[in-house]
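Subject: Structure handover

Hello,

Here is the structure to go with your notes. Please look it over first, then read on for what turned up.

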Amino acid sequence: MKKLRRFFLGRLFPCAISYMFLLALTVGLAVYLPSALAPLAAFERLLALIAAVLVSLDRTDTEIKLGKLVLIVLLPYSGAIVCLLLRRQPQAPHFAPARGIFSDELCDRLGAVVSAQCGIAPCFAKEAKYYPTGADFFSALIKSIGNAKKFIWLEYYIVANGTFWGATLSALTERAECGVDVRLVYDDFGCALTLPKNYPQKLKKYKIKAHPVRRLTPFSPARSNVRDHRKCAIIDGETVFLGGINLADEYIGELIKYGNWKDTAISLTGAPARAFAIEYAKHQINYDPSNGKSVGETANRIALQNGGIPCIPVLDRAYAAGVSYLANAAQKTLYFSTPYLAPDKNTLFALQTAAKSGIDVRIIIPHIPDKKSIFLLTRRAARELMRYGVQVREYTAGFVHAKSLTVDGKLCAVTSHNLDYRSLRLQRECGAFVFSADLTKEIERDFLNMWENGTPVPAAKRAEKAAGAILSLFTPIL
């Protein structure tokens, strides 16, 4: 009931009403208007044709185009309008690759691939820590916030009132009162059911500067399509926390949802924290024009503190390029944990090729779903990968939300990326590849523990096959 009340009183309800109105208008025109109205039928075909041509000419992946074209065929009016509104897709920036930074050839080449896509140069971390549960991350984050002296910059997809955010807000307020610059960027779609529209004004009285990435409105469906899915906390430009954990109670076990909620995170100190602080500051001019430049100056003044752990910060689409490269470069093992498995064709092919070449490729997915439609796609992709030798198991204890990767026991990644089309191609994401045998072994032990307690993916029933096949047409736009 609480969720329903939040939905009807929140920002998603007017958006849903606008989409339903568009659909109802389409049905009404199709059913009640006489077929003799040739001009209307001609306009319908013309609109659908224009939308189809523009979608075909768009410089996006074929998989995105296919789903949109099917939508145009099914709903010539509303489908065409929605596709026209969703035409703008983020394109990966291109930068000169950073080479010659690391002595290890694999590390150096991966750094070049990733940095060419996202524009952040590889660097050296002083320290890397792994948090195998949300509770471990919670304790470390609160402690780090309490020790902050200059600034605390947060960027999260979901922020929800409860024990986790209550304790975090209390710690942030205490630091803000001491003159520490506290900033929170959150996704308005992700927080549509958890935070009120005026939340930035509420936090202002605590001296916390909060900004939604995109204001969700009934007339901006494109804003709900390309989301800020990052989970990042930067403390003084010295420590950065990354991973899959949002600022909500289910992530730390305070609220039981879908069985045991398995999530992970890492913290990096030194140069990676500086790199993420500079990235964070780039966008502050959009949220806080009066202070945006000063935030950038603060980030650029952070002293470069290099350590001895090779680290490659990764943003957005660059992770897909990194995964594809590692699938080709791995020699022994490739282990993934992900809540959603519906990758683009390039990533799918890379994983299949790795398994066929003899690499031990394993993937852990949830056993208890949080979104049933995406779970159908996840199992469908799992079964397709299994035909090529990829091993997939389900996390029997509940829902695995961890997003991690280990390669050959010497390289790991913990990010906000899921192994699905939306994370790999559309959304704002962040994380890091870390060349640390110690850190990799910790993550690998945690993965193998889940694996041993996992269950095989069951055979698909006929209804499940049919539903999965239909949904797969719309994978890029779900």
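A residue is called buried under 20% relative accessible area, exposed over 50%, and partly exposed in between (1.4 Å probe, protein chains only). This is a predicted model: local features need pLDDT of at least 70, side-chain atom pairs count only at pLDDT 80 or more, and totals for chains, interfaces and linings use all residues. Residues are numbered from 1 along each chain as its sequence is written, and side-chain values use heavy atoms, with hydrogens and water left out.

Overall picture

The protein chain has 19 helices and 19 strands. Both are DSSP runs, numbered from the N terminus: helices are H or I with at least four residues, strands are E with at least two. Of the 478 residues in the chain, 55% are buried. The accessible surface is about 21000 Å², and carbon and sulfur atoms account for 59% of that. Those areas come from the Shrake-Rupley method with a 1.4 Å probe; for residues, only the protein chains shown count as cover. Contact means heavy atoms within 4.5 Å. Among contacts between residues at least 6 apart in sequence, 80% join residues at least 24 apart.

Aromatic pairs

The whole structure holds 14 aromatic pairs. Rings of Phe, Tyr and Trp (its six-membered ring) pair if their centres lie within 6.5 Å; planes under 30 degrees apart count as stacked, over 60 as edge-to-face and the rest as tilted. Trp153 and Tyr280 have ring centres 5.4 Å apart and planes at 10 degrees, so they are stacked. Trp153 belongs to strand 2 (residues 151-156) and Tyr280 to helix 11 (residues 271-282), so the pair ties together parts 127 residues apart in sequence. Both Trp153 and Tyr280 are buried.

Phe447 and Trp451 are stacked too, because their ring centres are 5.9 Å apart and their planes are at 20 degrees. They lie four residues apart in helix 18 (residues 437-452), which separates them by about one helical turn. Phe447 is buried, at a relative accessible area of 3%. Trp451 is buried, also with a relative accessible area of 3%.

One aromatic cluster is formed by Tyr131, Phe137, Phe138, Phe164 and Phe241. Elsewhere, the charged end of Arg227 sits over the ring of Phe189, 3.9 Å from its centre. The test there: NZ of Lys or CZ of Arg within 6 Å of the ring centre and within 35 degrees of the ring normal.

Salt bridges

The search finds 19 in the whole structure.

Asp228 bridges to Arg428, with the closest N and O atoms 3.4 Å apart. The two are 200 residues apart: Asp228 is in the loop between helix 10 (221-225) and strand 5, and Arg428 in the loop between helix 17 (421-426) and strand 18 (430-434). Both Asp228 and Arg428 are buried.

Glu279 bridges to Arg230, again with closest N and O atoms 3.4 Å apart. Glu279 is in helix 11 and Arg230 in the loop between helix 10 and strand 5, 49 residues apart. Glu279 and Arg230 are both buried.

Asp360 and Arg362 meet in a salt bridge at 3.1 Å, N to O. Asp360 and Arg362 are buried as well. Asp181, Arg183, Lys209 and Asp288 are linked in a network of salt bridges.

Helix 7 (residues 134-146) has 13 residues. Its buried residues include Phe137, Phe138 and Leu141. The buried residues of helix 7 pack against several elements, among them strand 1 (123-131), helix 8 (163-177) and strand 8 (265-270).

Thr133 is in the loop between strand 1 and helix 7. Thr133 is partly exposed, at 33% relative accessibility. Beyond its neighbours within four places in sequence, Thr133 is in contact with Ile245 and Asp263.

Helix 6 (residues 105-118) is mostly covered. Ten of its 14 residues are buried. The buried residues of helix 6 pack against strand 9 (309-315), helix 14 (318-329), strand 16 (411-415) and strand 18.

Best wishes

Key:
The expected span of a helix is 1.5 Å times one less than its number of residues. A salt bridge is a side-chain nitrogen of Lys or Arg within 4 Å of a carboxyl oxygen of Asp or Glu.
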